[in-house]
Amino acid sequence: MNKWAGLLLLLSLPVMADDTWLVGTVRSYHIERKDYNEANYGIGVETKSWMAGTYVNSYDRQTVYGGILLPLADIGPAHIRYCICAFTGYKEQTGLAVTPVPLPVIAFEGRDWGVNIIATPVVFALQVKRRF
C-alpha cells in the first residue's frame, strides 16, 4: 500500500458512521481479452455516501480512488448506486494524473458481509466487504 492510500484510510477513521464497510477489491474481468492484470487486490472504506481506497489496477499500477455514492434504487438486498469517482494510476491511458470516472455500482449487502459489482462497458470489477 502506498503512503497516500494509508493516509487516506487513516484520515477516514474519525468520520466513519455505523454503516461503514471495510472493502477488499479482488477481481476484474475485461470484455476485450488482452494481457490485463485481473487480480486487482486492494483495500478501502465505504459508507452510504462515499468510498475510498487503493488497489493494483489492470496495468499493474497502484491506484488510489475516492468517490461520492449517489443512491438510485434499492431492490431487496441490492442497492443500485452511481459513483462519481476519481482514480490515480491511469496517466498513460488518459494523460491525466487523476482521472474522473462515473461508475455504476450494484451492492448486495447482508447484515455483516456484502459484495459490490462495478460494471462499465469494458470491464466488470468485484469487491467483497465486511461491515464494522
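**Disulfide and surface patch**

Trainee: How many disulfides does the structure hold?
Mentor: One. Keep in mind that this is a predicted model.

Trainee: Okay, which cysteines does the disulfide join?
Mentor: Cys-83 and Cys-85, with an S to S distance of 2.3 Å.

Trainee: And what's the handedness of that disulfide?
Mentor: Right-handed, because the torsion about the S-S bond of Cys-83 and Cys-85 is about 120 degrees.

Trainee: Is Cys-83 buried or exposed?
Mentor: Cys-83 has 0% relative accessibility, so it counts as buried. The cut-off for buried is under 20% relative accessible area. Cys-85 has 6%, so Cys-85 is buried too.

Trainee: Switching topics: which residues form the nonpolar patch on the surface?
Mentor: Tyr-29, Ile-31, Ile-106, Phe-108, Trp-113, Ile-117, Phe-124, Leu-126 and Val-128. Together they have about 770 Å² of accessible area.

Trainee: Which elements give two or more residues to the patch?
Mentor: Three strands do: S6 (99-109), S7 (113-119) and S8 (123-131).

Trainee: Which one gives the most?
Mentor: S8, with three residues.

Trainee: Where is Val-128 found?
Mentor: Val-128 sits in strand S8.

Trainee: Why does Val-128 count as partly exposed?
Mentor: Because its relative accessible area is 32%, and partly exposed covers what lies between buried, under 20%, and exposed, over 50%.

Terms used. Residues are numbered from 1 along each chain as its sequence is written. This is a predicted model: local features need pLDDT of at least 70, side-chain atom pairs count only at pLDDT 80 or more; totals for chains, interfaces and linings use all residues. Side-chain values use heavy atoms; hydrogens and water are left out. Patches are made of residues with over 30% relative accessible area and no salt bridge: like charges are joined within 9 Å, nonpolar side chains (Val, Leu, Ile, Met, Phe, Trp, Tyr) within 5 Å. Accessible areas come from the Shrake-Rupley method with a 1.4 Å probe; for residues, only the protein chains shown count as cover. A salt bridge is a side-chain nitrogen of Lys or Arg within 4 Å of a carboxyl oxygen of Asp or Glu. Helices (H or I, at least four residues) and strands (E, at least two) are DSSP runs, numbered from the N terminus. Buried means under 20% relative accessible area, exposed over 50%, partly exposed in between (1.4 Å probe, protein chains only). A disulfide is a pair of cysteine sulfur atoms within 2.5 Å.
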